[in-house]
Amino acid sequence: MNKLLEVIDAEVGYGGAPVVRQVSFALEPGRIGCLLGPSGCGKTTLLRAIAGFEILQGGEIRMRGQVVSHAGWSLPPEQRRVGMVFQDFALFPHLKVGDNIGFGLRHLSERERRARVQTLLRLVGLPEFEGVYPHQLSGGQQQRVALARAMAPRPELLLMDEPFSSMDAEMREQLAREVRDIIKEEEITALLVTHDQYEAFAMADEIGVLNAGQLMQWDSGYNLYHRPGNRFVADFIGQGVILPGEVLNEGQVQTELGAINGQLPPGCKPGCKLEILLRPDDIQHDDQSALHAKVVAKAFRGAEFLYTLELASGTRVLCFAPSHHDHPLGEQLGIRVEVDHLVMFPQPGQTASV
Amino acid sequence: MQFAVNGAGCASAPFPCREQGVSAISSTAVETTRRPHGWLSGWRLGVLGVALVVALPVLTVFAFFLQPATDAWQHLVQTALHDYVVNSVLLMLGVAAGTLLLGVSTAWVSATCEFPGRRVFEWALLLPMAIPAYIIAYTYTGLLDFAGPVQGALRALFGWGYGDYWFPNVRSLPGAIVMLSLVLYPYVYLLARAAFLEQSVCVLEVSRTLGATPMHTFLRVALPMARPAIVAGLLLALMETLADYGTVQFFGVSTFTTGIFRTWFGLGDAVAAAQLSALLMTFVFVLILLERWSRRQARYHETGARMKSLPRHRLEGWRMAVGLAVCIVPLAFGFLLPAGQLLIWVVRTAGRMLDADFLRITGNSLVLAGSAALVTLLVGLFMAYGKRLHGDRLVQGAVRVAGMGYAIPGTVIAIGVMIPFAWLDNTIDTWVRARFDFSTGLLLSGTLVALLFAYMVRFLAVALQTVEAGLAKIRPGMDDAARSLGLGPLDVLKKVHVPMLRGSLITAMLLVFVDVLKELPATLVLRPFNFNTLAVRTYELAADERLADAASASLAIVLAGIIPVILLSQSLSRTRIRYE
């Protein structure tokens, strides 16, 4: 039994139709997992079920092989050895920072407790803030205190509910990396919930994409981006467009942008209809190319421009170009398709397996 | 152009406002509704059990509706019942008129006008609440009866003798109406004032641009918009009116409460007294239902607080005089005059009355009110927290039932406590005597246990409301955070909620403490033999026509009664910051 957390066919809901349906995944000790999805997809509900705040309608949850939740029964949160960082931090306003962090350490002696609190304060980089009240701290500092408080009792599993959602975008990624380092240093297993894929990439070793209560894919960030298992993941992760295509032969697909070379999945015969995912980095700016597209929108990204280009047919594609390639709106650009790894899905309504 | 924009804003105003109100309500509902936790049924059962015990007096009283009528009941129906109903109804109608007149006029003037002393009047107009109705009745009787200072001065001035002149008799139904109106109008004042402050200026200005005078605007726009709030305040005042025993008893007006006393003590008929109580309770329930209904209406009449608030009319000349008079009259007659008279009497009788006996009685009162406040607070906290843990219908209903005692007259609660407790005592005594051949005597009914229980039933709503309001301000995330850090529900209450609620808990205790101190009829029925409190002392001395001697105990009660007024005026000044 080397899984720390196992979620097996979990169903959670509030009386009516389940908000989370048939979700299964597992985390090994020391890994950081992430539930990623648009708002309302059920990710927070699932996290609260793992914490013990919601009761399962079906399936079960195990920690270290022990069942902690099954349909209609739930081990109380206080008996699970699970730490949780809340979206609004939920720091106790009547307690100083030190007492907030020491809140879950009642079983320790006064001396041990103080030592542990000091260790954590140093760990989160707030050594001199022990005697300060939470409302005197900035958002980022409160965040760290909330993290320290959740980690103080050495939980087997640390849960984080949108932990950086109240930060501004710049701080978010930096803080996410810092928090990841802290968690890794303490060798804690953690599960995070977020709607922000960059936060997920920065924090997590493995990511589950949830949509409408169902788990779409559980994988590394790299694979979610480069090997999305279905259209939803392809759409949700990263940028890109999906174009229709038709298989020409074993190594080529015909699209509006011409024939694209790539490894086809087995079982795909010539003539079968597919959809092809094209990321902005799959399309290169090339003045020599015969293929042209009109610039209809562009976004400056510092080192590069993200161009939205329109083909003669009206289909739009995205393209990254170095930022010294500054082209005005309406200009025709030469482009070339360069795909390392072709991502394809069957066209909707087609039964052909990919 | 300015006008057109303004007008358009007003026309659409009620819709966003209503949505705001509704969404605010539903979002708090989501926040406070906790999901059921299967492993926590202990709290649930506890809450349901406590609600059942708290409802026991009312259930007892209603159970007697089913009992066959006794001879005494037949006798009552033939003789006195007619008087009880007619007098109670007349009293309610009179008090309704009086509290509306005083409450609405003071609320309108203090909420919309500017005149010297307005800020002082805003809280001072609450002071009459500090005086229980029976104490103001005793005081005015002393002031206005034949031997009192007013008639004495008139006789000295005009050289009249006994029987030469007509003077209104305070000890009458109209007298009782005036007394109750003087101390109960603040209920109307408080709610009406809040409603006037929330009305948006543009609705009122539209009325003016449509050609209505300020008076017309008040009568046709402002008053109808505030009506649900005014009705809610009025119904609270009427519940107090039905509950009053001290005033009507002293003035010799036969109402339900005096009838219950007479049947219980005079005729010694518990069944008829309980049946009379049940009849009174029916009146009360009608008021409760009306109050619920009008509060629901008020929610939809609320206009948005975000819109510009009313600019105050600056009153000048004779208008200022009228505005001042509107505020001074209720304050002077409802508080300054009676409190001043009490003070004069206290000074005059201090040598005789402020003795060891007085100290002992004050001690009794303080200990009794303190313990009742503590018990009530603990039960209230238990119920409110239970509701937070389990937000389901059954628990919510149980908590609501437990909070109903405040509407129930002390007399009825006393009867409803006395009957089951006496039965229990008798049962235990009979059983012990049969088994062990000695008598246990009265374990519950003749002791402080019964009295504390009755206070808890009557005033639980006060503690519940205060604690619930405090709990609602604590985000549920706090509970979850503490639970995930290894604390069980009871520890969460102790280590997170209680420290954060400290202010609300102290307020709740103070409010119950003062209410217990003022409570008369339940204390009269349930107190142990020879156990006196300040309220009972006042009542007994007044019954012996020693009105001046009663003043020291009365003034002590009034001084305690000022505490809730201070608390209320603090919340008033908070709303003032919001609206100004």
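Reply: Helices here are DSSP runs of H or I with at least four residues, strands are runs of E with at least two, and both are numbered from the N terminus. On that count chain A has 8 helices and 21 strands. Bear in mind that this is a predicted model.

Now to the part you asked about. The contact draws on 22 residues from chain A and 17 residues from chain B. On the chain A side, two strands each put in at least two residues: β6 (73-74) and β7 (82-85). The top contributor to that side is β7(A), with 3 residues. By residue class, the side of chain A that touches chain B splits into 14 nonpolar, 5 polar and 3 charged.

Going element by element in chain A, the lowest mean belongs to strand β21 (residues 343-346), at 82, and the highest to strand β3 (residues 32-36), at 96.

Stepping back to chain A as a whole, its C-alpha trace spans about 75 × 45 × 35 Å along the principal axes. Chain A runs to 354 residues, and 42% of them count as buried. Looking at chain A contacts with a separation of 6 or more, 63% join residues 24 or more positions apart.

For chain B, 85% of the contacts with a separation of 6 or more are between residues 24 or more positions apart.

One helix of chain B deserves a look while you have the model open. Helix α19 (residues 448-472) of chain B is 25 residues long and covers 34 Å from its first C-alpha to its last, close to the 36 Å expected at 1.5 Å a residue. That helix isn't straight, though: α19(B) has a kink of about 55°, centred on B:Phe459. And 19 of the 25 residues of α19(B) are buried, so this helix is largely enclosed by the rest of the structure. Buried here means that 20 or more other C-beta atoms lie within 10 Å of the residue's own.

Note on methods: Residues numbered from 1 in each chain as written. Chains lettered and ligands numbered in written order. Predicted model: local features only at pLDDT ≥ 70, side-chain atom pairs only at ≥ 80, totals over all residues. Contact = placed C-beta atoms within 7 Å. Nonpolar A, V, L, I, M, F, W, Y, C, P; charged D, E, K, R; others polar. pLDDT = per-residue confidence, 0-100. Expected span 1.5 Å × (residues − 1). Bend = angle between axes of the 7 residues up to and from the residue. Buried ≥ 20, exposed ≤ 12 C-beta atoms within 10 Å, placed from the backbone.
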